[in-house]
Amino acid sequence: MTHAQFDPTARQALAVTAVEAKVRKDLSWQRIADVTGYSVAFVTAAVLGQHALPKPAAEAVAELLGLDADAATLLQTIPTRGSIPGGIPTDPTIYRFYEMLQVYGTTLKALVHEEFGDGIISAINFKLDVKKVADPEGGERAVITLDGKYLPTKPF
């Protein structure tokens with residue numbers, strides 16, 4: 001049976017426990033994702049409490065991390081999403097995404113609406129990819145792909 005949560009506390013506590021196990025076992029997020037067959041972005045988000053994992057994937061992650069059956073069950077529950085409590089984020093990495101949306105949010109909105117019309121980009125039917133590439137000017141660049149299904153607004 002599918003279950004949903006209305007209080008994120010249990011999933012937050014599980015995320016802490018899972019990350020501690022990840023560090024203790026010296027595992028990468030990719031290694032954890034590999035036991036599930038799902039993308040590293042989706043599995044990382046699930047372990048951090050933002051998605052439910054299907055039963056086989058939840059059990060595989062729990063086993064790899066040395067978590068108990070209750071943790072595997074909890075990984076399958078539909079979470080209360082949202083990992084940034086109140087206000088402007090203070091973590092520098094997360095803040096930079098906030099800053100990017102402050103600077104380019106209206107531009108993204110204008111370009112999406114000009115291309116697609118009135119609607120939204122889904123964060124549910126969604127894919128995320130993060131890649132490190134060489135910068136021709138030296139150093140490295142982060143290439144982040146946000147790939148969401150367009151959902152038009154429907155009059156009613």
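Helices here are DSSP runs of H or I with at least four residues, strands are runs of E with at least two, and both are numbered from the N terminus. By that count the protein has 6 helices and 2 strands, and reading along the sequence gives α-α-α-α-α-α-β-β.

A quick word on ground rules. This is a predicted model, where local features need pLDDT of at least 70, side-chain atom pairs count only at pLDDT 80 or more, and totals for chains, interfaces and linings use all residues. Residues are numbered from 1 along each chain as its sequence is written, and side-chain values use heavy atoms, leaving out hydrogens and water.

**Overall picture**

The C-alpha trace spans about 55 × 50 × 30 Å along its principal axes. Of the 156 residues, 25% are buried (under 20% relative accessible area, with exposed meaning over 50% and partly exposed in between, for a 1.4 Å probe and protein chains only). Take the contacts (heavy atoms within 4.5 Å) between residues at least 6 apart in sequence: 54% of them join residues at least 24 apart.

**The core**

A nonpolar core is a set of buried Ala, Val, Leu, Ile, Met, Phe, Trp, Tyr and Cys residues joined through side-chain atoms within 4.5 Å. The largest one here has 21 residues, and I32, V43, L53, V61, L65 and L67 have the most contacts inside it. As for V43, leaving aside residues up to four places away in sequence, it touches I32, A33, T36, Y38, L53 and V61.

**Aromatic pairs**

Rings of Phe, Tyr and Trp (its six-membered ring) pair if their centres lie within 6.5 Å; planes under 30 degrees apart are stacked, over 60 edge-to-face, and the rest tilted.

| Pair | Centre to centre | Angle of planes | Type |
|---|---|---|---|
| Y38 and F42 | 6.0 Å | 45° | tilted |
| F116 and Y150 | 4.7 Å | 20° | stacked |

The F116 and Y150 pair links distant parts of the chain, 34 residues apart: F116 belongs to helix α6 (residues 92-116) and Y150 to strand β2 (residues 140-152). Y150 has 16% relative accessibility, so it counts as buried, while F116 is partly exposed at 47%. In the other pair, Y38 is partly exposed at 39%, and F42 is partly exposed at 29%.
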